[in-house]
Amino acid sequence: MLFTKKTSKDGNPYHSGYLAPEGWKPKNPDEDYVISYLDIELADGIGMDKFENAVAACAAESSTGTWTKVDDGKDSGVKMAEKLRGIAFDIDPKTKTFKIAYKKELFETGNLSGLLAGIAGNIDGMKMLKAFRLLDIRFPREWIEAMPGPAFGVDGIRHQLEIPHGPILCTVPKPKVGRTDKEQAKLARILFTAANGEYQGMKDDENLTSLFFNKFEDRVKEVHKVRREVEQSSGKKKFYLCNITHSDIDVMMERANMIKNEGGRWMMMDVVTTGFAAVHTMRKRNLGLAIHAHRAMHSLFDRESGPGIYDGGEIKDFSMSMVLIAKLMRLIGVDSLHGGAPKTKMENYGEPKLIKDVLQNDITPETAMTLGQNWYGMKPVWHVASGGLHPGSLEEVVKQLGEDLMIQCGGGVLGHPWGIEAGVEAVVQARDLIMQRMDMKEWITKNPNTALAKAADYWGFGPRIV
Ligand code: CAP
Ligand code: MG
(Lines give C-alpha, C1' and ligand atoms only; values in the text may rest on other atoms or scores of the structure.)
(Ligands and ions follow the chains in the order given, each with its own letter.)
Protein backbone atom coordinates (compact mmCIF):
# COMPACT_ATOMS: atom_id res chain seq x y z
CA MET A 1 0.00 0.00 0.00
CA LEU A 2 1.31 3.47 -0.89
CA PHE A 3 0.47 6.67 0.87
CA THR A 4 1.48 9.96 -0.61
CA LYS A 5 1.30 12.62 2.04
CA LYS A 6 2.90 16.03 1.93
CA THR A 7 6.18 16.14 0.06
CA SER A 8 8.52 18.87 1.19
CA LYS A 9 10.13 21.32 -1.20
CA ASP A 10 13.48 19.57 -1.07
CA GLY A 11 11.82 16.30 -1.99
CA ASN A 12 12.82 14.85 1.37
CA PRO A 13 11.25 11.41 1.41
CA TYR A 14 10.60 11.56 5.14
CA HIS A 15 7.42 13.48 4.43
CA SER A 16 5.91 11.15 1.89
CA GLY A 17 4.77 7.59 1.80
CA TYR A 18 5.88 6.45 5.23
CA LEU A 19 2.96 7.83 7.24
CA ALA A 20 -0.40 6.06 7.23
CA PRO A 21 -3.62 8.07 7.15
CA GLU A 22 -5.38 8.31 10.52
CA GLY A 23 -7.16 5.12 11.51
CA TRP A 24 -5.15 2.88 9.15
CA LYS A 25 -4.20 -0.55 10.47
CA PRO A 26 -2.27 -3.32 8.71
CA LYS A 27 -4.54 -6.06 7.35
CA ASN A 28 -3.85 -9.63 8.61
CA PRO A 29 -0.90 -8.47 10.68
CA ASP A 30 -0.10 -11.94 12.09
CA GLU A 31 0.20 -13.30 8.55
CA ASP A 32 1.82 -10.49 6.64
CA TYR A 33 3.59 -7.95 8.85
CA VAL A 34 6.35 -7.47 11.36
CA ILE A 35 5.27 -4.58 13.61
CA SER A 36 7.39 -2.44 15.88
CA TYR A 37 6.25 -0.13 18.68
CA LEU A 38 8.30 2.93 19.61
CA ASP A 39 8.36 5.78 22.10
CA ILE A 40 10.46 8.87 21.32
CA GLU A 41 11.36 12.33 22.62
CA LEU A 42 12.34 15.07 20.18
CA ALA A 43 15.70 16.74 20.68
CA ASP A 44 15.78 20.11 22.44
CA GLY A 45 14.85 22.92 20.06
CA ILE A 46 12.75 20.69 17.77
CA GLY A 47 9.06 21.57 18.14
CA MET A 48 6.13 19.18 18.09
CA ASP A 49 5.27 20.44 14.59
CA LYS A 50 8.17 18.20 13.52
CA PHE A 51 6.88 15.14 15.37
CA GLU A 52 5.44 13.53 12.23
CA ASN A 53 8.70 14.15 10.40
CA ALA A 54 10.57 12.29 13.10
CA VAL A 55 8.08 9.43 12.96
CA ALA A 56 8.37 9.23 9.18
CA ALA A 57 12.14 9.36 9.47
CA CYS A 58 12.05 6.35 11.82
CA ALA A 59 9.87 4.43 9.36
CA ALA A 60 12.07 5.42 6.41
CA GLU A 61 15.49 4.79 7.95
CA SER A 62 14.43 1.43 9.34
CA SER A 63 12.97 0.19 6.04
CA THR A 64 13.89 1.59 2.65
CA GLY A 65 14.64 5.31 2.92
CA THR A 66 17.54 7.61 3.57
CA TRP A 67 17.97 11.27 4.46
CA THR A 68 17.52 12.68 0.92
CA LYS A 69 15.78 11.91 -2.34
CA VAL A 70 17.92 9.57 -4.43
CA ASP A 71 18.03 8.62 -8.10
CA ASP A 72 14.73 6.96 -8.95
CA GLY A 73 15.35 6.16 -12.61
CA LYS A 74 15.53 2.79 -14.36
CA ASP A 75 17.33 0.07 -12.39
CA SER A 76 17.28 2.19 -9.23
CA GLY A 77 15.23 -0.32 -7.23
CA VAL A 78 12.91 2.47 -6.16
CA LYS A 79 9.71 0.64 -7.26
CA MET A 80 10.48 -2.36 -5.05
CA ALA A 81 11.58 -0.06 -2.24
CA GLU A 82 8.24 1.76 -2.39
CA LYS A 83 6.39 -1.50 -1.99
CA LEU A 84 8.45 -2.45 1.04
CA ARG A 85 8.22 0.87 2.89
CA GLY A 86 7.67 0.72 6.61
CA ILE A 87 4.34 2.42 7.38
CA ALA A 88 3.98 4.38 10.61
CA PHE A 89 0.52 4.19 12.17
CA ASP A 90 -1.27 4.67 15.52
CA ILE A 91 0.75 7.86 15.82
CA ASP A 92 0.02 9.53 19.16
CA PRO A 93 1.68 12.92 19.68
CA LYS A 94 0.43 12.98 23.28
CA THR A 95 2.42 9.95 24.40
CA LYS A 96 4.90 10.32 21.52
CA THR A 97 4.41 6.66 20.68
CA PHE A 98 3.75 5.06 17.30
CA LYS A 99 3.95 1.75 15.49
CA ILE A 100 5.59 0.79 12.23
CA ALA A 101 4.19 -1.98 10.03
CA TYR A 102 6.81 -3.69 7.85
CA LYS A 103 5.78 -6.16 5.15
CA LYS A 104 7.35 -9.43 6.24
CA GLU A 105 9.16 -9.66 2.87
CA LEU A 106 11.34 -6.72 3.91
CA PHE A 107 13.29 -9.10 6.15
CA GLU A 108 14.86 -12.51 5.72
CA THR A 109 12.63 -14.75 7.81
CA GLY A 110 14.57 -16.41 10.62
CA ASN A 111 17.50 -13.98 10.54
CA LEU A 112 17.04 -12.16 13.84
CA SER A 113 20.33 -10.25 13.71
CA GLY A 114 19.46 -9.01 10.24
CA LEU A 115 15.99 -7.91 11.27
CA LEU A 116 17.26 -6.04 14.33
CA ALA A 117 19.86 -4.21 12.27
CA GLY A 118 16.94 -2.74 10.33
CA ILE A 119 14.27 -2.20 12.96
CA ALA A 120 16.55 -1.24 15.84
CA GLY A 121 19.56 -0.09 13.87
CA ASN A 122 20.18 3.44 12.61
CA ILE A 123 17.07 5.08 13.95
CA ASP A 124 18.18 5.32 17.56
CA GLY A 125 21.17 7.39 16.42
CA MET A 126 19.06 10.09 14.75
CA LYS A 127 19.96 13.62 15.86
CA MET A 128 16.28 14.64 15.89
CA LEU A 129 15.79 12.47 18.96
CA LYS A 130 16.96 12.88 22.53
CA ALA A 131 15.33 9.68 23.80
CA PHE A 132 14.12 6.52 22.15
CA ARG A 133 12.66 3.23 23.38
CA LEU A 134 11.86 0.26 21.21
CA LEU A 135 8.97 -1.05 23.27
CA ASP A 136 8.20 -4.21 21.36
CA ILE A 137 8.17 -6.09 18.06
CA ARG A 138 5.27 -8.35 17.05
CA PHE A 139 6.20 -11.23 14.77
CA PRO A 140 3.95 -12.93 12.18
CA ARG A 141 3.29 -16.68 12.15
CA GLU A 142 5.97 -17.35 9.52
CA TRP A 143 8.64 -16.07 11.92
CA ILE A 144 7.36 -18.10 14.86
CA GLU A 145 7.44 -21.20 12.70
CA ALA A 146 10.94 -20.47 11.39
CA MET A 147 12.54 -19.94 14.81
CA PRO A 148 13.59 -22.91 16.95
CA GLY A 149 12.00 -21.88 20.29
CA PRO A 150 12.92 -23.69 23.51
CA ALA A 151 13.99 -27.33 23.17
CA PHE A 152 12.55 -28.25 26.60
CA GLY A 153 10.58 -25.31 27.95
CA VAL A 154 8.56 -25.51 31.15
CA ASP A 155 7.13 -29.02 30.72
CA GLY A 156 10.35 -30.54 29.38
CA ILE A 157 12.31 -29.38 32.43
CA ARG A 158 9.58 -30.49 34.84
CA HIS A 159 9.72 -33.91 33.22
CA GLN A 160 13.55 -34.04 33.45
CA LEU A 161 13.60 -33.02 37.09
CA GLU A 162 10.47 -34.99 38.00
CA ILE A 163 8.93 -31.91 39.59
CA PRO A 164 5.33 -31.76 38.39
CA HIS A 165 4.47 -28.43 39.99
CA GLY A 166 5.76 -25.54 42.07
CA PRO A 167 8.80 -23.28 41.63
CA ILE A 168 12.28 -24.80 41.32
CA LEU A 169 15.03 -23.61 43.66
CA CYS A 170 18.58 -22.65 42.83
CA THR A 171 21.58 -20.86 44.37
CA VAL A 172 24.53 -18.99 42.92
CA PRO A 173 27.78 -19.23 44.89
CA LYS A 174 28.87 -16.08 46.68
CA PRO A 175 31.52 -14.77 46.75
CA LYS A 176 30.99 -14.55 42.98
CA VAL A 177 34.43 -16.05 42.46
CA GLY A 178 36.82 -17.42 45.02
CA ARG A 179 35.97 -21.09 45.50
CA THR A 180 38.09 -23.65 43.74
CA ASP A 181 36.34 -26.31 41.65
CA LYS A 182 36.55 -28.72 44.58
CA GLU A 183 35.20 -26.15 47.04
CA GLN A 184 32.33 -25.44 44.67
CA ALA A 185 31.55 -29.15 44.45
CA LYS A 186 31.42 -29.22 48.27
CA LEU A 187 28.93 -26.38 48.18
CA ALA A 188 26.87 -28.30 45.60
CA ARG A 189 26.67 -31.25 47.99
CA ILE A 190 25.41 -29.01 50.80
CA LEU A 191 22.80 -27.38 48.55
CA PHE A 192 21.62 -30.70 47.13
CA THR A 193 21.36 -32.48 50.49
CA ALA A 194 20.33 -29.87 53.11
CA ALA A 195 16.64 -29.66 54.05
CA ASN A 196 16.00 -33.30 53.07
CA GLY A 197 17.34 -32.73 49.59
CA GLU A 198 14.41 -30.48 48.64
CA TYR A 199 16.66 -27.94 46.89
CA GLN A 200 17.29 -28.61 43.22
CA GLY A 201 19.96 -26.48 41.65
CA MET A 202 23.24 -24.62 41.63
CA LYS A 203 24.25 -21.98 39.11
CA ASP A 204 27.66 -20.48 38.33
CA ASP A 205 27.97 -16.76 38.77
CA GLU A 206 28.56 -14.78 35.58
CA ASN A 207 32.10 -13.86 36.64
CA LEU A 208 33.05 -17.51 36.83
CA THR A 209 34.16 -18.83 33.45
CA SER A 210 37.45 -20.74 33.44
CA LEU A 211 39.88 -19.26 35.96
CA PHE A 212 43.27 -20.46 37.13
CA PHE A 213 41.94 -21.76 40.46
CA ASN A 214 38.63 -23.02 39.07
CA LYS A 215 38.98 -24.30 35.50
CA PHE A 216 35.85 -25.10 33.57
CA GLU A 217 37.01 -28.62 32.73
CA ASP A 218 37.70 -29.40 36.40
CA ARG A 219 34.55 -27.78 37.75
CA VAL A 220 32.23 -29.50 35.30
CA LYS A 221 33.62 -32.87 36.38
CA GLU A 222 33.69 -32.21 40.16
CA VAL A 223 30.21 -30.74 40.44
CA HIS A 224 28.54 -33.27 38.15
CA LYS A 225 30.21 -36.08 40.07
CA VAL A 226 28.51 -34.79 43.22
CA ARG A 227 25.23 -34.36 41.33
CA ARG A 228 25.32 -37.98 40.16
CA GLU A 229 26.17 -39.29 43.64
CA VAL A 230 23.42 -37.30 45.34
CA GLU A 231 20.89 -38.31 42.70
CA GLN A 232 21.79 -41.92 43.21
CA SER A 233 21.57 -41.88 46.97
CA SER A 234 18.48 -39.66 47.22
CA GLY A 235 16.58 -40.61 44.09
CA LYS A 236 15.99 -36.87 43.53
CA LYS A 237 17.04 -35.11 40.34
CA LYS A 238 19.37 -32.09 40.61
CA PHE A 239 20.64 -29.58 38.10
CA TYR A 240 23.82 -27.57 37.66
CA LEU A 241 23.81 -24.46 35.46
CA CYS A 242 27.43 -24.57 34.36
CA ASN A 243 28.57 -21.34 32.70
CA ILE A 244 29.89 -21.97 29.17
CA THR A 245 29.98 -18.26 28.26
CA HIS A 246 32.80 -17.38 25.86
CA SER A 247 33.18 -14.99 22.94
CA ASP A 248 34.39 -17.92 20.80
CA ILE A 249 31.46 -20.16 19.87
CA ASP A 250 33.79 -23.13 19.28
CA VAL A 251 34.92 -22.94 22.91
CA MET A 252 31.29 -22.81 24.03
CA MET A 253 30.61 -25.91 21.95
CA GLU A 254 33.53 -27.75 23.57
CA ARG A 255 32.26 -26.78 27.03
CA ALA A 256 28.70 -27.82 26.21
CA ASN A 257 30.04 -31.19 25.08
CA MET A 258 31.91 -31.56 28.36
CA ILE A 259 28.62 -31.00 30.24
CA LYS A 260 27.00 -33.60 28.02
CA ASN A 261 29.75 -36.11 28.72
CA GLU A 262 29.11 -35.68 32.44
CA GLY A 263 25.41 -36.45 31.94
CA GLY A 264 24.46 -32.81 32.63
CA ARG A 265 21.07 -31.46 31.65
CA TRP A 266 21.60 -27.72 31.39
CA MET A 267 24.18 -25.18 30.23
CA MET A 268 24.29 -21.52 31.20
CA MET A 269 25.04 -18.73 28.74
CA ASP A 270 25.21 -15.00 29.24
CA VAL A 271 22.94 -14.28 26.32
CA VAL A 272 23.38 -10.52 25.99
CA THR A 273 27.19 -10.59 26.04
CA THR A 274 27.40 -13.60 23.72
CA GLY A 275 24.74 -12.21 21.40
CA PHE A 276 21.79 -13.41 19.36
CA ALA A 277 23.83 -15.32 16.79
CA ALA A 278 25.67 -17.27 19.49
CA VAL A 279 22.48 -18.27 21.29
CA HIS A 280 20.71 -19.18 18.04
CA THR A 281 23.69 -21.27 16.96
CA MET A 282 24.02 -23.11 20.28
CA ARG A 283 20.30 -23.85 20.21
CA LYS A 284 20.44 -25.15 16.64
CA ARG A 285 23.32 -27.52 17.47
CA ASN A 286 20.73 -29.41 19.53
CA LEU A 287 23.02 -30.98 22.07
CA GLY A 288 20.18 -32.25 24.19
CA LEU A 289 21.03 -29.66 26.84
CA ALA A 290 18.63 -27.00 28.05
CA ILE A 291 19.83 -23.37 27.80
CA HIS A 292 19.80 -21.25 30.94
CA ALA A 293 19.93 -17.59 29.88
CA HIS A 294 21.64 -15.18 32.27
CA ARG A 295 21.20 -11.59 31.10
CA ALA A 296 24.23 -9.68 32.45
CA MET A 297 24.61 -6.33 30.60
CA HIS A 298 20.91 -6.19 29.69
CA SER A 299 20.63 -2.88 31.57
CA LEU A 300 22.84 -1.24 28.96
CA PHE A 301 20.05 -2.08 26.51
CA ASP A 302 16.86 -1.86 28.56
CA ARG A 303 17.43 0.61 31.39
CA GLU A 304 15.14 3.65 31.16
CA SER A 305 14.97 6.21 33.94
CA GLY A 306 12.13 8.44 32.72
CA PRO A 307 8.71 8.37 34.37
CA GLY A 308 7.17 7.27 31.06
CA ILE A 309 8.60 3.78 31.11
CA TYR A 310 5.22 2.25 31.93
CA ASP A 311 2.66 4.78 30.76
CA GLY A 312 3.78 6.63 27.67
CA GLY A 313 4.98 9.69 29.63
CA GLU A 314 8.42 11.25 29.22
CA ILE A 315 11.37 8.94 28.59
CA LYS A 316 15.01 9.93 29.05
CA ASP A 317 17.30 7.31 27.57
CA PHE A 318 17.97 5.23 24.45
CA SER A 319 16.85 1.68 25.01
CA MET A 320 14.86 -1.37 24.04
CA SER A 321 12.59 -3.05 26.58
CA MET A 322 13.46 -6.21 28.49
CA VAL A 323 10.04 -7.45 27.36
CA LEU A 324 11.36 -7.38 23.82
CA ILE A 325 14.68 -9.01 24.78
CA ALA A 326 12.69 -11.77 26.50
CA LYS A 327 10.55 -12.26 23.40
CA LEU A 328 13.65 -12.58 21.21
CA MET A 329 15.18 -15.10 23.63
CA ARG A 330 12.06 -17.28 23.55
CA LEU A 331 12.20 -17.19 19.75
CA ILE A 332 15.82 -18.29 19.57
CA GLY A 333 15.22 -21.01 22.05
CA VAL A 334 16.37 -20.52 25.62
CA ASP A 335 14.67 -22.66 28.27
CA SER A 336 15.03 -20.32 31.26
CA LEU A 337 15.67 -16.59 31.37
CA HIS A 338 16.34 -14.09 34.13
CA GLY A 339 13.32 -11.83 33.94
CA GLY A 340 13.47 -9.93 37.19
CA ALA A 341 10.93 -10.08 39.98
CA PRO A 342 9.13 -7.79 42.35
CA LYS A 343 11.36 -7.07 45.33
CA THR A 344 14.62 -7.61 43.46
CA LYS A 345 17.54 -5.26 42.94
CA MET A 346 16.28 -3.95 39.61
CA GLU A 347 12.51 -4.32 39.57
CA ASN A 348 11.79 -0.77 38.49
CA TYR A 349 12.74 -1.29 34.91
CA GLY A 350 12.46 -5.05 34.80
CA GLU A 351 8.73 -5.14 34.06
CA PRO A 352 8.66 -8.68 35.51
CA LYS A 353 4.96 -9.45 34.98
CA LEU A 354 5.04 -8.34 31.33
CA ILE A 355 8.20 -10.38 30.83
CA LYS A 356 6.57 -13.44 32.32
CA ASP A 357 3.60 -13.07 29.95
CA VAL A 358 5.95 -12.89 26.99
CA LEU A 359 7.92 -15.93 28.18
CA GLN A 360 5.01 -18.16 29.09
CA ASN A 361 1.65 -17.34 27.48
CA ASP A 362 0.61 -18.90 24.20
CA ILE A 363 -1.23 -15.69 23.40
CA THR A 364 0.57 -12.81 25.12
CA PRO A 365 -1.98 -10.00 25.52
CA GLU A 366 -1.46 -6.55 24.05
CA THR A 367 -1.09 -3.76 26.65
CA ALA A 368 -0.65 0.01 26.47
CA MET A 369 3.12 -0.50 26.30
CA THR A 370 3.46 -3.86 24.50
CA LEU A 371 2.17 -5.39 21.27
CA GLY A 372 1.40 -8.90 22.55
CA GLN A 373 2.23 -12.02 20.54
CA ASN A 374 0.57 -15.13 19.20
CA TRP A 375 3.12 -17.92 19.82
CA TYR A 376 1.31 -20.61 17.81
CA GLY A 377 2.22 -23.30 20.33
CA MET A 378 5.91 -22.42 20.82
CA LYS A 379 7.06 -23.80 24.18
CA PRO A 380 7.06 -21.49 27.21
CA VAL A 381 10.28 -20.50 29.02
CA TRP A 382 11.03 -20.66 32.76
CA HIS A 383 11.02 -17.21 34.31
CA VAL A 384 14.01 -16.83 36.63
CA ALA A 385 13.51 -14.56 39.63
CA SER A 386 16.86 -13.41 40.98
CA GLY A 387 18.87 -10.53 42.36
CA GLY A 388 18.76 -9.69 46.05
CA LEU A 389 16.05 -12.25 46.82
CA HIS A 390 15.85 -13.79 50.28
CA PRO A 391 13.32 -16.07 51.94
CA GLY A 392 11.09 -13.32 53.35
CA SER A 393 10.66 -11.73 49.91
CA LEU A 394 9.47 -14.85 48.10
CA GLU A 395 5.74 -14.73 48.85
CA GLU A 396 5.12 -11.66 46.72
CA VAL A 397 7.38 -12.99 43.96
CA VAL A 398 5.39 -16.21 43.50
CA LYS A 399 2.10 -14.35 43.91
CA GLN A 400 2.96 -12.10 40.96
CA LEU A 401 4.88 -14.51 38.75
CA GLY A 402 3.24 -17.88 39.37
CA GLU A 403 4.68 -21.35 39.79
CA ASP A 404 6.62 -21.83 36.58
CA LEU A 405 9.40 -19.98 38.24
CA MET A 406 13.04 -20.65 39.05
CA ILE A 407 13.82 -18.91 42.32
CA GLN A 408 17.51 -18.02 42.58
CA CYS A 409 18.85 -16.80 45.92
CA GLY A 410 22.61 -16.31 46.20
CA GLY A 411 23.28 -14.03 49.16
CA GLY A 412 19.79 -14.92 50.42
CA VAL A 413 20.97 -18.50 51.09
CA LEU A 414 24.71 -18.17 51.64
CA GLY A 415 24.34 -15.17 53.93
CA HIS A 416 22.00 -16.82 56.43
CA PRO A 417 23.30 -16.02 59.93
CA TRP A 418 23.11 -19.72 60.91
CA GLY A 419 24.99 -20.96 57.85
CA ILE A 420 24.33 -22.38 54.39
CA GLU A 421 22.18 -25.36 55.45
CA ALA A 422 19.91 -23.00 57.34
CA GLY A 423 19.74 -20.77 54.26
CA VAL A 424 18.55 -23.72 52.17
CA GLU A 425 16.10 -24.71 54.86
CA ALA A 426 14.66 -21.20 55.05
CA VAL A 427 14.04 -21.05 51.30
CA VAL A 428 12.46 -24.51 51.30
CA GLN A 429 10.25 -23.52 54.25
CA ALA A 430 9.20 -20.34 52.44
CA ARG A 431 8.39 -22.29 49.28
CA ASP A 432 6.32 -24.85 51.19
CA LEU A 433 4.28 -22.16 52.94
CA ILE A 434 3.67 -20.37 49.65
CA MET A 435 2.57 -23.60 47.97
CA GLN A 436 0.22 -24.34 50.86
CA ARG A 437 -1.15 -20.79 50.61
CA MET A 438 -0.23 -20.11 54.25
CA ASP A 439 0.50 -16.66 55.60
CA MET A 440 4.26 -16.40 56.09
CA LYS A 441 4.23 -13.69 58.76
CA GLU A 442 1.68 -15.57 60.83
CA TRP A 443 3.67 -18.82 60.53
CA ILE A 444 6.87 -17.06 61.60
CA THR A 445 5.21 -15.63 64.71
CA LYS A 446 4.14 -19.14 65.67
CA ASN A 447 7.51 -20.71 64.77
CA PRO A 448 10.11 -18.19 65.94
CA ASN A 449 13.04 -20.60 66.22
CA THR A 450 13.08 -21.70 62.60
CA ALA A 451 15.56 -20.95 59.84
CA LEU A 452 12.86 -18.98 58.00
CA ALA A 453 12.05 -16.87 61.06
CA LYS A 454 15.74 -16.10 61.50
CA ALA A 455 16.10 -15.13 57.81
CA ALA A 456 13.07 -12.83 58.02
CA ASP A 457 14.38 -11.31 61.22
CA TYR A 458 17.74 -10.69 59.51
CA TRP A 459 16.61 -9.50 56.06
CA GLY A 460 12.94 -8.63 56.60
CA PHE A 461 10.25 -9.07 53.92
CA GLY A 462 11.02 -6.19 51.62
CA PRO A 463 13.40 -5.70 48.70
CA ARG A 464 17.13 -5.40 49.29
CA ILE A 465 18.17 -2.46 47.16
CA VAL A 466 21.70 -2.27 45.78
C1 CAP B 1 22.25 -12.78 42.08
C2 CAP B 1 23.21 -12.63 40.95
C3 CAP B 1 22.59 -12.58 39.56
C4 CAP B 1 21.67 -11.41 39.32
C5 CAP B 1 21.21 -11.37 37.88
C6 CAP B 1 24.06 -11.41 41.19
O7 CAP B 1 22.87 -12.90 43.31
O8 CAP B 1 24.07 -13.71 40.92
O9 CAP B 1 23.62 -12.50 38.64
O10 CAP B 1 20.60 -11.52 40.15
O11 CAP B 1 19.92 -11.74 37.72
O12 CAP B 1 25.25 -11.48 40.97
O13 CAP B 1 23.51 -10.38 41.57
P14 CAP B 1 22.05 -12.61 44.62
P15 CAP B 1 18.86 -10.68 37.22
O16 CAP B 1 20.97 -13.65 44.70
O17 CAP B 1 23.06 -12.75 45.74
O18 CAP B 1 21.50 -11.24 44.51
O19 CAP B 1 19.39 -10.17 35.92
O20 CAP B 1 17.60 -11.38 37.08
O21 CAP B 1 18.82 -9.65 38.29
MG1 MG C 1 25.36 -13.16 39.32
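User: Where does His383 sit?
Analyst: Helices (H or I, at least four residues) and strands (E, at least two) are DSSP runs here, numbered from the N terminus. On that scheme, the place of His383 is strand β14.

User: What kind of model is this, and which atoms do the side-chain values use?
Analyst: It's a predicted model: local features need pLDDT of at least 70 and side-chain atom pairs pLDDT 80 or more, while totals for chains, interfaces and linings use all residues.

User: Is His383 buried or exposed?
Analyst: Buried means under 20% relative accessible area, exposed over 50%, and partly exposed in between (1.4 Å probe, protein chains only). His383 has 0% relative accessibility, so it counts as buried.

User: How many residues of helix α14 are buried?
Analyst: The helix spans residues 352-360 and is mostly covered. Of the nine residues in α14, the buried ones number seven.

User: Which residues are the protein donors of the magnesium ion, ligand 2?
Analyst: Donors are N, O and S atoms within 2.8 Å of the metal (3.2 Å for Na, K and Ca), and water is not among the atoms, so sites may look incomplete. Lying 2.1 to 2.3 Å from the ion, they are Asp205 (OD) and Glu206 (OE).

User: How many salt bridges are there between domain 1 and domain 2?
Analyst: The bounds, 15-146 and 153-459, come from an automatic or database domain assignment. A salt bridge is a side-chain nitrogen of Lys or Arg within 4 Å of a carboxyl oxygen of Asp or Glu. Arg133 and Glu351 form one, with closest N and O atoms 3.5 Å apart. Between the two domains, the salt bridge count is three.

User: Which element gives the most to the side of domain 1 that touches domain 2?
Analyst: On that side, α1, β1, α4, β4 and α5 each supply at least two residues. With ten residues, the biggest giver is β4.

Key:
Residues numbered from 1 in each chain as written. Chains lettered and ligands numbered in written order. Heavy atoms only, no water.
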